[in-house]
2 protein chains.
Amino acid sequence: MTKFGIHDVSSFEMGYEAMSLALNDAQLKPDDIDAVVVTMEDAKVNDEKQRLYVSAVASLLKKKLPIIRVPAVCGGGGAAFWTAQRLHYNNVLCLAVDKIVSTTTPILTKEIMNAAENIWEQEEGLIFPAQNALVAQMHMEKYGTTHDDLSLIAYKNHLNGALNPKARFFGKKISLDEIKKSPMIATPFNLYDCSISVNGAACAIISNDKTDIEVAGSALATDYLAPFEREDMTTWEGTVKAGREAFQQAGISTENIDVAELHDAFTIVEIIAYEDLGFCKKGEGKELIRKGVTRLDGKMPVNTSGGLKARGHPISPTGLAQVVEIVEQLRGRCGSRQVKGAKIGLTHNIGGAGGTTSVHILKRA
Amino acid sequence: MTKFGIHDVSSFEMGYEAMSLALNDAQLKPDDIDAVVVTMEDAKVNDEKQRLYVSAVASLLKKKLPIIRVPAVCGGGGAAFWTAQRLHYNNVLCLAVDKIVSTTTPILTKEIMNAAENIWEQEEGLIFPAQNALVAQMHMEKYGTTHDDLSLIAYKNHLNGALNPKARFFGKKISLDEIKKSPMIATPFNLYDCSISVNGAACAIISNDKTDIEVAGSALATDYLAPFEREDMTTWEGTVKAGREAFQQAGISTENIDVAELHDAFTIVEIIAYEDLGFCKKGEGKELIRKGVTRLDGKMPVNTSGGLKARGHPISPTGLAQVVEIVEQLRGRCGSRQVKGAKIGLTHNIGGAGGTTSVHILKRA
């Protein structure tokens, strides 16, 4: 992956950099690739006016391959990685690129809101911070989760991100006090409950020949469009279904996961993911962060990369950046944020307010 | 498929109608479906502000399945159909929807132009009619194709479309004289050299259980982004590669094709497709239309549906509407436009100026 940040680099350059890094890492050449799955958000969210990015990739690789694009808003990276598994080629390159920081904030906010349901939610101006804030309020009401719990999630992920050279907030220390006192965005969220928009690209190559890391589980589930259509707004069924299927495929349980990258678009989403993936009982997600289980020195560190919060969230590339982090952890290359002896890792990536969710389990072969 | 036209119906309603028609036709229920591949153009081309249409489909089907979206501009339908083949599920539903007519023409033109290369072509205002007009000029110069040949393509496709109740120009007769005298758009194209924007949806179900029609060949190829990057602007290598691969998979040759739907976004594109798919030698495409080979009463009728020209071109659904037409032809259900005894048919769908191309060969089992 490229560094995630606010640098003004074109989607061509970022895509080229991420593909080069992945090809070098895999010791493969463009000629070895059989197909490509690209994920990139639509024009307007993305500042690049390049609707046919599949052909841009053909131009960059100088290879006229089968190439498809699989966007899924913030869940694009995971959806593309899932699709790439299932295409049944020997070597599939999976690339995610988005350039969103130079899009102005009002346009970006409005266009991302278009991922919400378009009859009631969009009409009401239910932007994603507001939508997730309502979920957080309900979770707090129902299960006694507090804003202090949410702040601990932000604090943990910023501590981790400060150790990740590819992260937006690499080297930047943020105190728990600063986090708690940051400006209000949408009750109960303040600034540090929200992830940060960045530009970036990430790439993974799924190969039948290279076997140091195995994809042991790969599942994608789609939930109904609007949270109000669902039985319970505090349980995200896409996560439940995709998680269950991935664990079943891998033939392991939550106990076996050494390290995980979970979709912390907002702090509450990480807590709900603890519960919906089965790392604790429903409503007890807060205990994992209170007891430090998911801290870097805990039993199962979560978001060692910094997560969407501190590594940054460039929309489509997020799901692949999670894969990059888990692969690096399983290979023992993470330096000061390395989880010792990590053998099995999990990624969890969401598009919309739980609308589409993928879970992947990676295993040291 | 729904009727293609200028009706103001939401993407939800059109998608629901097309899925219902396909499920009824296949005698399947939503519960029988294992996965869905959706194709829909991005916000701004499409008037519907619904970025996460995958979740809208979950809501419509009331099924929380794996659902991905595979947009590829005008080649979306074919790319999605190709992807659906390769996902390896028992029953995959493939849905294409676009609502573009209520988008204003200046916005639509600009946004579709964003499928062109974004550094030189877009900056020069090279909209698709202009881009294809340059290709036509070069083809005329190189091979002696005339504007009268192009007019014959338009005339043929309008004759066919007048017989298709689902077509935008159903029942509308247009004389060769009207076609030749229509207003100039971009030399050598006049109005009737260009396809027509419509709203619509189309759906196909790929099933391991139903075997009256077999997908004998399915190929996707991506060419470089800009025509100026290619060796020859009058040969579209995506078509050559995808065609060759599809014929190889099916184990047949061009002689075996009884009926074909080719991507006539502009009249010249149909002539180039004759050549690049191998139905004649390079440069001799004009002979097929002059001699009536591809007319409804010819040896190999092309675009019996009316094609993009007269059935209409709603961007993503075009590739699936081609599949619908070929399936109906192979089943002998096409009434006054039926090709007698058709056993094998071909579809050819392009996104961009040849940037991404799919070819499918369907066969009566």
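Predicted model: local features only at pLDDT ≥ 70, side-chain atom pairs only at ≥ 80, totals over all residues.

Visitor: What rotation superposes chain B on chain A?
Guide: The superposition has an RMSD of 0.0 Å, and the shift along the axis is 0.0 Å. The two copies are therefore related as by a two-fold rotation axis. The rotation is 180°.

Visitor: What share of the contact residues of chain B recur in chain A?
Guide: In the contact, 47 residues of chain B meet 47 residues of chain A. The same surface serves both copies. The recurring share is 100%.

Visitor: Which element gives the most to the side of chain B that touches chain A?
Guide: At least two residues each come from α2 (53-61), β2 (67-69), α3, β7 (213-222) and α8 (237-250) of chain B. By class, that side has 20 nonpolar, 14 polar and 13 charged residues. The element that gives the most, with 5 residues, is α2(B).

Visitor: How is helix α3 of chain B oriented to helix α12 of chain B?
Guide: Residues 76-86 form α3(B) and residues 318-330 form α12(B); their axes lie 5 Å apart at an angle of about 70°. Angles of 65 to 115 degrees count as roughly perpendicular. The angle of about 70° therefore makes α3(B), relative to α12(B), roughly perpendicular.

Visitor: How many charged residues are in the contact of α3(B) with α12(B)?
Guide: G76(B), G77(B), G78(B) and F81(B) of α3(B) meet T318(B), G319(B), L320(B), A321(B) and V323(B) of α12(B). These residues divide into 4 nonpolar and 5 polar.

Note on methods: Residues numbered from 1 in each chain as written. Chains lettered and ligands numbered in written order. Axes fitted to C-alpha atoms, helices over the stretch in contact; angles between N-to-C directions. Helix = DSSP H or I, 4+ residues; strand = E, 2+ residues; numbered from the N terminus. Parallel < 35°, antiparallel > 145°, perpendicular 65-115°, else oblique. Contact = placed C-beta atoms within 7 Å. Nonpolar A, V, L, I, M, F, W, Y, C, P; charged D, E, K, R; others polar. Least-squares fit on C-alpha atoms with pLDDT ≥ 70 in both.
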